[in-house]
Amino acid sequence: MPRKNSFDMNKVMIIVNTLKDNPDGLWLRQLSRMCHMPLSTTSYYLDKVLKPIIESVRIGHEKSIIRVIKLKNGIYERLKAGESISSILKYIKIFKKIYSGE
């Protein structure tokens, strides 16, 4: 049976909640360990699904040695106010479609 092309919302929630609990940010490997997910899975979700709502700082020129991840300030404030991550992601998806001309 082929693999589905969508993402697992449960994994997204785990990553976002972990980042919400650590507002100063986490190293990618540390985030992966705290979420109990493989590094490749964590990296995939950060690069593909959560890219619009995170800030990522890479240290190292050619090959990144350290990658620190944290939620953008506006997203962190919205989550603290009680808004759900699914509504934030839907809003961003709609916003992208409007401005990309689709």
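## Burial and overall architecture

A residue is called buried when its relative accessible area is under 20%, and exposed when that area is over 50%. By this cut-off Arg67, at 10% relative accessibility, counts as buried. The model discussed here is predicted.

The chain has 102 residues, and 30% of them count as buried. Its secondary structure consists of five helices and three strands. Read from the N terminus, the order of the elements is α-β-α-α-β-β-α-α. Among the contacts with a separation of 6 or more, 48% come from residues 24 or more positions apart.

## Helix α1

Helix α1 covers residues 9-21, which makes 13 residues. From its first C-alpha to its last it reaches 18 Å, close to the 18 Å expected at 1.5 Å a residue. At the start of α1, the backbone nitrogen of Asn10 has a side-chain oxygen of Asp8 within 3.1 Å.

Val12, Ile15, Val16, Thr18 and Leu19 are the buried residues of α1. Seen down the helix axis, these buried residues fall within an arc of 160°, so they line one face of α1. The face turned away from the buried side carries the exposed residues Asn10 and Asp21. Asn17 also lies in α1; with a relative accessible area of 37%, Asn17 is partly exposed.

## Packing of α1 against α2

Two packed helices are described by the angle between their axes and by the distance between the axes. For α1 and helix α2 (residues 28-35), the angle is about 115° and the axes are 10 Å apart. The crossing of α1 past α2 is right-handed.

On the α1 side, the residues that meet α2 are Ile14, Ile15, Thr18 and Leu19. Their counterparts in α2 are Leu31, Met34 and Cys35. Of the α1 residues in this set, Ile15, Thr18 and Leu19 are also among the buried residues of the helix.

His36 lies in the loop between α2 and α3. At 73% relative accessibility, His36 counts as exposed. Its phi is near 55°, a positive value in a residue other than glycine. Most residues other than glycine have a negative phi.

Thr42 is part of helix α3, which spans residues 39-49. Thr42 has 0% relative accessibility and therefore counts as buried. Residues up to four places away in sequence aside, Thr42 touches Ile15, Leu28, Leu31, Ser32 and Met37. Ile15 and Leu31 also take part in the meeting of α1 with α2.

## Arg67 in strand β3

Arg67 is located in strand β3, residues 66-71. The Arg67 side chain makes a polar contact of 2.7 Å with the side chain of Asp47.

## Helix α4 and the residue after it

Helix α4 runs over residues 73-80, and its buried residues are Ile75, Tyr76 and Leu79. These residues cover an arc of only 100° around the axis, which puts them on the same side of α4. Asn73 and Lys80 are exposed residues on the face of α4 turned away from its buried side. Just after α4, Gly82 takes a positive phi of about 110°.

Ile85 belongs to helix α5 (residues 85-100). With a relative accessible area of 2%, Ile85 is buried. Leaving aside neighbours within four places in sequence, Ile85 is in contact with Met9, Val12, Met13, Val16, Ile53 and Leu79.

Ile53 is 32 residues from Ile85 along the chain, with 9.9 Å between their C-alpha atoms. Asn17 and Ile85 are 68 residues apart in sequence, and their C-alpha atoms are 9.2 Å apart in space.

How values were computed: Residues are numbered from 1 along each chain as its sequence is written. This is a predicted model: local features need pLDDT of at least 70, side-chain atom pairs count only at pLDDT 80 or more; totals for chains, interfaces and linings use all residues. Side-chain values use heavy atoms; hydrogens and water are left out. Helices (H or I, at least four residues) and strands (E, at least two) are DSSP runs, numbered from the N terminus. The expected span of a helix is 1.5 Å times one less than its number of residues. Buried means under 20% relative accessible area, exposed over 50%, partly exposed in between (1.4 Å probe, protein chains only). The arc is that of the directions from the helix axis to the C-beta atoms. A polar contact is a pair of N or O atoms within 3.5 Å; within protein, one must be able to donate a hydrogen and the other to accept it, and residues adjacent in sequence count only if both atoms are side-chain atoms. Axes are lines fitted to C-alpha atoms, for helices over the stretch in contact, and angles run from 0 to 180 degrees between N-to-C directions. A crossing is left-handed if the near helix is turned anticlockwise from the far one by less than a right angle, and right-handed if clockwise. Contact means heavy atoms within 4.5 Å.
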